[in-house]
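Subject: Structure handover

Hi there,

Here is the structure I promised to pass on to you. Please open it alongside this email, and then read on for what turned up.

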Amino acid sequence: MMKYGKRYNFGDIIIATVQFVDTFEIKKRPALVLFEDMGNVVLAGITSNIKMNGISITKKEGMAVDSVIKLNYIFTISEKMIEKVLFSISTEKKKIIKNELFKKIN
């Protein structure tokens, strides 16, 4: 039996190997961890295209370039596809994200 550990937490910004929806291309991409359950990690995609809709996350907060967390692009990967954790977002930013997700659910 596999042992699942809670290694990834809400608010972690990670680098993962991701397959794009519209192509079969696989790239290393940053993403925001929403939650982990039994070895599956649910993520929100992050783009450096700051014209896109979403929640901004800046170089000052730890990103390599100013970026946008896309709450309309949520996907699940195996924890094995995560290369590393870069940093965790602030408590304030976590509140903003929870509020935005809650609005989408309601």
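Below are the notes on the model, starting with how to read it and ending with a few single residues.

This is a predicted model, so local features need pLDDT of at least 70 and side-chain atom pairs count only at pLDDT 80 or more, while totals for chains, interfaces and linings use all residues. Residues are numbered from 1 along each chain as its sequence is written, and side-chain values use heavy atoms, with hydrogens and water left out.

**Confidence**

The average pLDDT (the predictor's confidence in each residue, from 0 to 100) is 92 for the protein, and 93% of the residues score at least 70. Helices (H or I, at least four residues) and strands (E, at least two) are DSSP runs, numbered from the N terminus.

**The sheet**

Six strands form an open sheet in the order E4-E5-E3-E2-E1-E6, and the pairing is antiparallel. Two strands pair if DSSP finds at least two bridges between them. Strand E4 (55-57) and E6 are the edge strands, each pairing on one side only. From one strand to the next, the twist averages 50°; axes are lines fitted to C-alpha atoms, for helices over the stretch in contact, and angles run from 0 to 180 degrees between N-to-C directions. E2 and E3 run antiparallel and are joined by six bridges. Phe35 has Val42 in E3 as its bridge partner.

**The cores**

A nonpolar core here is a set of buried Ala, Val, Leu, Ile, Met, Phe, Trp, Tyr and Cys residues joined through side-chain atoms within 4.5 Å. Buried means under 20% relative accessible area, exposed over 50%, and partly exposed in between (1.4 Å probe, protein chains only). The largest core has 15 residues, and those with the most contacts inside it include Ile13, Leu32, Ile69 and Ile89. E2, E3, E4, E5 and H1 each give two or more residues to this core, with E3 giving the most, three residues. A second, separate core of eleven residues includes Ile14, Val18, Val41 and Ile82.

**Residues to look at**

Ile89 sits in the loop between strand E6 (82-88) and helix H1 (91-105). Because its relative accessible area is 7%, Ile89 is buried. Contact means heavy atoms within 4.5 Å; neighbours within four places in sequence aside, Ile89 is in contact with Gly11, Ile13, Leu32, Ile57, Lys94 and Ile97. Ile89 and Ile14 are 75 residues apart in sequence and 11 Å apart in space, C-alpha to C-alpha.

Met38 lies in the loop between strand E2 (26-37) and strand E3 (40-47). The phi of Met38 is near 50°, a positive value in a residue other than glycine. At a relative accessible area of 54%, Met38 is exposed.

Lastly, there is one aromatic pair. The rings of Tyr73 and Phe75 have centres 4.9 Å apart and planes at 35°, so the pair is tilted. For reference, rings of Phe, Tyr and Trp (its six-membered ring) pair if their centres lie within 6.5 Å; planes under 30 degrees apart count as stacked, over 60 as edge-to-face and the rest as tilted. Tyr73 is partly exposed at 21% relative accessibility, whereas Phe75 is buried at 14%.

Best wishes
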